[in-house]
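Open the structure in your viewer and keep the sequence panel beside it. Each stop below says what to select and what is there.

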Amino acid sequence: MILERVEGFSAPDPRLEQYSTPAPIASEILYSALMRGDLEGTVCDLGCGTGILAIGAAILGSRSVGVELDPTALKIANENARRLGATVGFVRGDVESIALKGVSTVVMNPPFGAQRGSGGDRAFLRKATEIGEVIYSIHNAGSEGFIRRFVEPCKIEEVQRIAFPLKRSFKFHSKDVEIIEVELYRIFCR
Ligand code: SAH
């Protein structure tokens, strides 16, 4: 209910694949992380957008950091955190090149590469496996083979199918809401 109050993108940029994670899905991911003790250290949200995952992690007790390229999204993220009373360190940066230390868990909903061909999530997975001990990440359904090989020697511990509602946000969208099948991965790097 708290995360329902997180504002989404004001003018989403299709090149950056700005799709917010809906509140019920964000809470499901974060509760699953909480139950496994994965929110006890520092949590980093790569490509945090307007901050729903980073803010949710902070509300559940983590030290929380969000990294985002787009300053407009970051401004909304900061306002969201302030309005909901969450303390999050938002950083403007490119996931490809940012240096981060002391992160225990990464939570992310990276670009899938739908607009630029597949592989938009590679830089995100690369950084996540470099900095995180445990990773929660959302990908297109059917990505398991690719992800398994890409994250080695980290291991996929669990894959969960979820129906992800994409709200109409770009001109090329023909329906008000399109439900796509995605997979939530828990990847273990310790
Ligand atoms: N995590 C948010 C947003 C997901 S959309 C949520 O779950 O609601 C993916 C986000 O990644 C967008 O906000 C986009 O601007 C950001 N992004 C795309 N490429 C990036 C890069 N190279 N470095 C940092 N952020 C990036």
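Select Cys48 first: with a relative accessible area of 6%, Cys48 is buried. Here buried means under 20% relative accessible area, exposed means over 50%, and partly exposed is in between, with a 1.4 Å probe and protein chains only. The model is predicted, so local features need pLDDT of at least 70 and side-chain atom pairs count only at pLDDT 80 or more, while totals for chains, interfaces and linings use all residues. Residues are numbered from 1 along each chain as its sequence is written, and side-chain values use heavy atoms, with hydrogens and water left out.

A disulfide is counted when a pair of cysteine sulfur atoms lies within 2.5 Å. Cys44 is buried too, with a relative accessible area of 0%.

Where is the disulfide? The structure holds 1 disulfide, and it joins Cys154 to Cys189, with 2.2 Å from S to S. A disulfide is a covalent bond between the sulfur atoms of two cysteines. Select Cys154 and Cys189 and look along the S-S bond: the torsion about it is about 110°, so the disulfide is right-handed. Cys154 lies in the loop between α5 (144–151) and β6 (155–167), and Cys189 lies in the segment after β7 (177–188), so the pair ties together parts that are 35 residues apart in sequence. The helices (H or I, at least four residues) and strands (E, at least two) are DSSP runs, numbered from the N terminus. At 9% relative accessibility, Cys154 counts as buried.

Step back to Val151, which is in helix α5. Val151 counts as buried, at 1% relative accessibility. Select Gly47 as well: Val151 and Gly47 are 104 residues apart in sequence and 18 Å apart in space, C-alpha to C-alpha.

Which residues are closest to the ligand? They are Thr21, Gly47, Glu68, Asp94 and Val95, out of 21 residues that surround the ligand.

- Gly47: a polar backbone atom is 2.8 Å from a nitrogen atom of the ligand.
- Leu69: a backbone N or O atom lies 3.4 Å from a nitrogen atom of the ligand.
- Val95: a polar backbone atom is 2.9 Å from a nitrogen atom of the ligand.

Taken alone, the ligand exposes 570 Å², and the protein buries 96% of that. Accessible areas come from the Shrake-Rupley method with a 1.4 Å probe; for residues, only the protein chains shown count as cover.

The next stop is Arg186. Its side chain meets that of Asp38 in a salt bridge (2.9 Å, N to O). A salt bridge is a side-chain nitrogen of Lys or Arg within 4 Å of a carboxyl oxygen of Asp or Glu, and the structure holds 11 salt bridges. Arg186 lies in strand β7 and Asp38 in the loop between α1 and β1 (42–46), so the pair ties together parts that are 148 residues apart in sequence. Both Arg186 and Asp38 are buried.

Glu157 is partly exposed, with a relative accessible area of 47%. Salt bridges that share partners join Asp38, Glu157 and Arg186 into one network.

For another salt bridge, go to Lys75 and Glu79, whose side chains meet at 3.7 Å, N to O. Lys75 and Glu79 are 4 residues apart in helix α3 (residues 71–84), so about one helical turn separates them. Is Lys75 buried or exposed? With a relative accessible area of 56%, Lys75 is exposed, whereas Glu79 is partly exposed at 36%.

End the tour at helix α1 (residues 23–35), where Met35 lies. Met35 counts as exposed, at 63% relative accessibility. Ser32 also lies in helix α1, but Ser32 is buried, with a relative accessible area of 18%.

Conventions
A residue is near a molecule or strand if one of its heavy atoms lies within 4 Å of it. A polar contact is a pair of N or O atoms within 3.5 Å; within protein, one must be able to donate a hydrogen and the other to accept it, and residues adjacent in sequence count only if both atoms are side-chain atoms.
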